[in-house]
Amino acid sequence: MIVTVTPNPSVDRTLAVGRLTHGEVVRASRSWSEPSGKGVNVALALSAHGYASRAVVPVGGAEGARLEAMLRARGLEYVPVPIGGEVRSNISVLEPDGTVTKVNEPGPRLSDAELKALVEAAIGAGEHAEWLVGCGSLPVGAGPGFPGELVGAARHTPARIAVDSSGAS
């Protein structure tokens with residue numbers, strides 16, 4: 001079992017357009033939405049290739065409910081951590097030549113209690129895991145030390161630990 005922790009998951013919406021023209025009304029020829037966030041993506045890829053995986057994700061608001069519905073529809077095992085804010089929604093605009101313009105929301109602010117609940121859920125999910133993997137951007141409210149807090153707490157599990165992040169965190 002590989003457990004992923006996605007502190008700032010999203011619902012990603014992609015719009016296919018003929019051409020993106022700055023400052024103009026552009027009509028999409030098609031669109032689709034999918035569950036996302038680096039840890040969610042890792043868990044989905046693992047699951048698609050036959051590996052046991054479980055995603056730990058904060059969920060809140062209508063987008064959080066939508067994220068959960070998408071994860072259930074894909075058959076992904078997940079651990080929801082309720083939050084008061086709204087899970088972020090990101091937009092990608094895809095042009096015919098393959099150019100993608102991406103706009104990512106910052107995501108909700110997680111309180112100290114919500115961050116603690118996320119770590120506790122991750123540790124609980126990681127009790128019988130081979131790996132516990134913290135992935136992706138941090139939510140508003142999480143300091144750059146959050147990955148270290150997750151690693152410190154996870155040292156009390158038998159799981160090996162990996163962090164895939166960037167920047168100060």
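Let me begin with a definition: two residues are in contact when they have heavy atoms within 4.5 Å of each other. What we have here is a predicted model, in which local features need pLDDT of at least 70 and side-chain atom pairs count only at pLDDT 80 or more, while totals for chains, interfaces and linings use all residues. Residues are numbered from 1 along each chain as its sequence is written, and side-chain values use heavy atoms, with hydrogens and water left out.

With that in mind, please find Val3, which touches Arg54, Val56, Ala125, Gly126, Ala129, Trp131, Leu132 and Val133, if we do not count residues up to four places away in sequence.

Val3 also belongs to the largest nonpolar core, a set of 21 residues; such a core consists of buried Ala, Val, Leu, Ile, Met, Phe, Trp, Tyr and Cys residues joined through side-chain atoms within 4.5 Å, where buried means under 20% relative accessible area with a 1.4 Å probe, protein chains only. Val3, Val5, Val56, Leu118, Leu132 and Phe146 touch the most other members, and helix H3 gives the most to this core, with seven residues. Helices (H or I, at least four residues) and strands (E, at least two) are DSSP runs, numbered from the N terminus.

Let us turn to helix H4, residues 146-154, in which Phe146, Pro147, Leu150, Val151 and Ala154 are buried. Seen down the helix axis, the directions to the C-beta atoms of these buried residues fall within an arc of 140°, so they line one face of H4. Among the elements that cover them are strand E1 (2-5) and strand E8 (131-135).

Note on methods:
Buried < 20%, exposed > 50% of the residue type's maximum accessible area, 1.4 Å probe, protein only.
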